Amino acid sequence: MQLAPHRLLGFAFAIADLLVEVSPSRKITFAVGAAGVLAGAGERQLIGRDFGEYIDAGDRELVWALMANAEGGGRQRPVTARLAATPGQAPLAFSISVCKLPQNEGAISCALNRTAAPKVGSGEGGLQDRDEFESIAKELLESARMTGEQLEMSFVEMEGLAKATSALPAAEQTNLKNRIAGAIRSQSHGGAAAAKLDDERYALVRTAGESAEALTDRLGKMLGLTGELGGLKFAASSMELSAEASPSQIVRALRYALDDFIESGVEGGSTGSLQDAVSASVRHTLKKANALGAVVAEGKFKLVYQPVVTIKTGALHHHEVLVRFGEDESPFPMIRMAEELDLIENLDMAVVERVVAEIDADAKLKLAVNVSGRTITSASFIEKVAAMVKARPDLDGRLMFELTESATIDDLALADRHIQVLRKLGCEVCLDDFGSGAASLAYLQQLSLDLVKIDGRYIRELQHGGRESTFIRHLVQMCGELGVQTLAEMVETTATEEAVRKAGVDYGQGYLYGQATDRPGPPLPRTSPVAARRMGAKETWG
């Protein structure tokens, strides 16, 4: 039965807000529907215009890759992309489905629907980093369990890509990376579930049912394995995303599978399903837990101390105590592992006990110790600390706690009750790295604190004015109204210190005053040669 044109149009509008046809040269040859809402122009005004004008630059390669894969009348699964910004209008996004009919002289039929903005990754071409990808993979898996959709995580390896890329001029390198990002994203769920893991390895979540070989064939055709990509070798594998396991086990399994792929590649990895990954992850987790448990129980960590000064006088106020494991430059991987394995409270308690012993041994010390957001909600931790402090009246005013955002606090009311117990015992409480996490403002609103430490990324740019200066000025004013003092980290130059002083910040910490050392010591003179040499050096923060 042949359908009348008006009936075809009716079906089309039942699923789309705007229909456009795009020529092989990417010019719009036909448009009907909500052109004004989506593109800021009437239907006739769109004719002859470059379709790319209406797509955000960060998502153009995604859309071009989607179109490059449209052939033989098959309808591509929709992806979500952002519209190009229009002056005076809030950013918009649309989902786009494409189809290329053989009898349509190479033109691409596109159905667009207005939708919520996608979670675009922070990496090149909109790809996600490792943490962003793990988060969205978990969200998609939870959603798929409710809808019954079958998903898989695919791993793509492009052997030779790093060498091919390094041989190109800078501008061509950027273009190539964006093309690859667009191709990878176009094959992911909604165009927003893809990550770059290293120079040659990618991961994506997509609908299950297609072989890994079909995926690599398609990517090869989309990218055109000629010229600079002629010597590239593609490989892929997939892991079914379905398993009977707890949410925490699922997260660890996803992480284990990604670690396995990064370390061993497609050929070396053996994970065939999420259930396999769960089992392997449990074994791996137990092994790590035993090793980390021994580190904590036997005290196989060291403490280093970094001075914090009063900005107005340059006098020492206290030292922050940072924990270090072995020769690792950063303690973050071990601390993150401790949080994941529910060992962070034991680690925090072990550090507190050693810090208290340090204060006991030196009547002049005032030390601040980091405490995880998970630990602060533990009644047993608070009880142990309270007993320790009550037994040592000389600790009053000399033991501080810095509340970190490495783990989210789910119960802020409980956390605040525990914080007030510590404060009544004479222990000041500081919120660490304010501005680095999305929860910072909520923490400041719902927790009664003594001090807020401002994240170093704002401090480094403070002397240049602009948004960072405005942010810190208002933050200092707000904290002052709340009776909370402020501390700036990463104060590395006298110019930064002067900017911090002008902003009204109370305390400073950074290489200008001294790096973390094995023993607590006085801050460096601000004009000392040692401080000058250290300016601009990379700091490792605890």
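Author: Contact here means heavy atoms within 4.5 Å. The model is a predicted one.

Reader: Which residues of α14 meet Ala379, Ile382 and Val385 in α13?

Author: Helix α13 covers residues 379-390 and helix α14 covers residues 412-424. By class, their contact has five nonpolar, one polar and no charged residues. On the α13 side are Ala379, Ile382 and Val385, and the α14 residues they meet are His418, Val421 and Leu422.

Reader: Are α13 and α14 roughly parallel or roughly antiparallel to each other?

Author: Their axes come within 10 Å and cross at roughly 5°. Angles under 35 degrees count as roughly parallel. Therefore α13 and α14 are roughly parallel.

Reader: Which are the edge strands of the open sheet of five strands?

Author: The strand order is β2-β1-β5-β4-β3, with antiparallel pairing. An edge strand here pairs on one side only. The edge strands are β2 (28-33) and β3 (79-82).

Reader: What is the bridge partner of leucine 19 in β2?

Author: Strand β1 spans residues 18-22 and runs antiparallel to β2. Five bridges join β1 to β2. In β2, leucine 19 has as its bridge partner valine 32.

Reader: What angle does the direction of helix α4 make with that of β3?

Author: Helix α4 (residues 60-68) packs on the sheet. The strands it touches are β1, β3, β4 (93-99) and β5 (108-115). With the direction of β3, the direction of α4 makes an angle of about 145°.

Conventions: Residues are numbered from 1 along each chain as its sequence is written. This is a predicted model: local features need pLDDT of at least 70, side-chain atom pairs count only at pLDDT 80 or more; totals for chains, interfaces and linings use all residues. Side-chain values use heavy atoms; hydrogens and water are left out. Two strands pair if DSSP finds at least two bridges between them. Helices (H or I, at least four residues) and strands (E, at least two) are DSSP runs, numbered from the N terminus. Axes are lines fitted to C-alpha atoms, for helices over the stretch in contact, and angles run from 0 to 180 degrees between N-to-C directions. Angles under 35 degrees count as roughly parallel, over 145 as roughly antiparallel, 65 to 115 as roughly perpendicular and the rest as oblique. Ala, Val, Leu, Ile, Met, Phe, Trp, Tyr, Cys and Pro count as nonpolar, Asp, Glu, Lys and Arg as charged, and the others, Gly among them, as polar.
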